[in-house]
Amino acid sequence: MKTAPHTLRFRLFVLILTPLLIVSLFLGYWRFSVAQQTANELFDRGLLSTALAISRDVASSEGDALSPSTRDLLTDASGGEVFYHATGPGGYYVTGYAYPPIEPTALGAEPQTTSYFEAIYRDEPVRVLKLTENAQVGGITGQTIIRVWQRMSDRNEFARDLALKAAALMGALLVTLALVVWFGVQLGLRPLNDLQDAIDKRSQNDLSPIKRAVPGEVKEIVRTLNRLLGQVSDSISAQQAFISDAAHQLRNPAAGILAMAEAVKSAKTNADREQRIDKLLYAAKHSAHVTEQLLSLERLTYGRDQRDAKEIDLNAIVSDVCTDFAYLVLKQDVRFEFNSAGQPIKVFGTEVLLKEAIKNILDNALTHGGPSLSTIVINCDADGDHAKVSIWDDGKDLHPDNATKIFGRFTQLEPNSGSGLGLAIANEIVQQSNGSLTVDPVAKGAQITMRLPISA
């Protein structure tokens, strides 16, 4: 797998190590502070031991010499060179370095007390212990003051050594952990790599479900991908079926138009030619109508016209359709009646599509009503939280059991000049508007009802 920043492996690597790195920085700072504190405590105890040893030797030898053990304390074994200065009763010099560090302020130490302070000795910062005791030196009893001091640089170096050792250990652990995470993530992502390889090896026509053992965290992704593949497969199958049906529906009108055009060319008289031209125009209009319906159905399938959906007045839409359609109905000597709701009924949808759905239902009534058709009635009103548009005609009877067939594509109950797409388009439009199209049981004729949810 590539190690580019956008890869999953790299992201997991960064997500895991970044918090660890931040914690390591805090731990490193804390460890340095602890090392500094530890160094101060150790060195202060060393100064105290040295001061007590010098005080003992001063008292026992009356300032003449220090014991060998005390001299050992003054060597580098304590972590750095130790300096000392001792004064006897009355403040006279006993032993040690002649000029001790000067106290920054009076500490006001009491007998048998110790105090620490920091000062400058030979242009270097030092840590000083002042020990005050009662002792007898040279036959004189009084306070003896022992001062011992050590360079701060020795302490800091010791603290740095402790911190660097801890940092080296933490760095080694962090590097080891980084390697484990890097290769561990690669190992953990191996099922995804195998899944990717399996998908890459598929042909472009293979949309079958993926059947591979994958970790639990990936099962939902595979399940979603399988669902998507199923939807794509269904969409391709539907599109192929549509193309096949469309080719079948357009083949006959195209062949008819060609035959009529040849018949017009071979007409012997003007009257015969005019009659054949009329038939040719009718066939051409029918073919154009079928083509337009096919295109409308294809657009509806992919929801291309739903972008203009908005809140509209269904009562006004039905009124407009009835006004436009009245001429065709009355031309066929059919009584046409529209019963308005009397008030706006707001629904959410696309005005052009809903008008087309209502026109297709009316056209279906005119085309399939038969010779007994004499009346078409449209009722528009509100039924609870739904708007309802019912279109009834007194033509051929239509039973609700036939709803599935008449709402299907390219299907008709009886052979007719229609395309078998009008009600299918109307049903598709209504469903995309979250409504329903039903065939209602009536005593005579046919009634189709459109129901749409009233907009809040």
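This is a predicted model: local features need pLDDT of at least 70, side-chain atom pairs count only at pLDDT 80 or more; totals for chains, interfaces and linings use all residues.
How many residues does helix α7 have, and how far does α7 reach from its first C-alpha to its last?

**Entry 1: helix α7**

I found that α7 covers residues 314–331, which makes 18 residues. From first C-alpha to last, α7 reaches 26 Å, close to the 26 Å expected at 1.5 Å a residue. I then looked for a bend and noted a kink of about 45° in α7, centred on F325. F325 is also among the buried residues of α7, a list that includes L314, N315, V321 and V329. At the start of the helix, I saw a side-chain oxygen of D313 within 3.2 Å of the backbone nitrogen of N315. After α7 comes D333, and its phi is positive, near 60°.

**Entry 2: positive phi in loops**

The phi of D333 made me look up others. Most residues other than glycine have a negative phi. I noted D123, where phi is positive and near 65°. D123 sits in the loop that runs between β3 (113–121) and β4 (124–137). I list D123 as exposed because its relative accessible area is 74%, and exposed means over 50%. N434 is not a glycine either, and its phi is positive at about 65°. I placed N434 in the loop between α10 (422–432) and β11 (436–440). N434 is exposed too, with a relative accessible area of 64%.

**Entry 3: salt bridges**

How many salt bridges does the structure hold? I read off seven. In one of them the side chains of R127 and D44 meet, at 3.1 Å from N to O. R127 belongs to strand β4 and D44 to helix α1, so this pair ties together parts that are 83 residues apart in sequence. R127 is buried at 18% relative accessible area, and D44 is buried at 13%. D44 also meets R155 in a salt bridge, at 2.6 Å from N to O. Here the pair ties helix α1 to helix α3, and the parts are 111 residues apart in sequence. I checked R155 as well: both D44 and R155 are buried.

I looked next at R335 and E337, whose side chains form a salt bridge at 2.6 Å, N to O. R335 counts as partly exposed at 46% relative accessibility, and E337 counts as partly exposed at 24%. Going back to D44, I noted that salt bridges with shared partners join D44, E118, R127 and R155 into one network.

**Entry 4: helices α1 and α3**

Which residues make the nonpolar surface patch? I wrote down L15, I16, L20, L177 and V180, with an area of about 410 Å². α1 (8–61) and α3 (152–188) each supply at least two of the patch residues. The most comes from α1, with three residues. I16 is in helix α1 and counts as partly exposed, at 37% relative accessibility.

T50 is also in α1. Is T50 buried or exposed? I have T50 as buried, because its relative accessible area is 1% and the limit for buried is under 20%. A polar atom of the T50 side chain lies 2.8 Å from the backbone oxygen of G46.

Last, I looked up G188, in helix α3. G188 is partly exposed at 48% relative accessibility. G188 and R9 are 179 residues apart in sequence, but their C-alpha atoms are 9.4 Å apart in space.

Methods:
Residues are numbered from 1 along each chain as its sequence is written. Side-chain values use heavy atoms; hydrogens and water are left out. Patches are made of residues with over 30% relative accessible area and no salt bridge: like charges are joined within 9 Å, nonpolar side chains (Val, Leu, Ile, Met, Phe, Trp, Tyr) within 5 Å. Accessible areas come from the Shrake-Rupley method with a 1.4 Å probe; for residues, only the protein chains shown count as cover. A salt bridge is a side-chain nitrogen of Lys or Arg within 4 Å of a carboxyl oxygen of Asp or Glu. Helices (H or I, at least four residues) and strands (E, at least two) are DSSP runs, numbered from the N terminus. Buried means under 20% relative accessible area, exposed over 50%, partly exposed in between (1.4 Å probe, protein chains only). The expected span of a helix is 1.5 Å times one less than its number of residues. The bend at a residue is the angle between axes fitted to the seven residues ending there and the seven starting there. A polar contact is a pair of N or O atoms within 3.5 Å; within protein, one must be able to donate a hydrogen and the other to accept it, and residues adjacent in sequence count only if both atoms are side-chain atoms.
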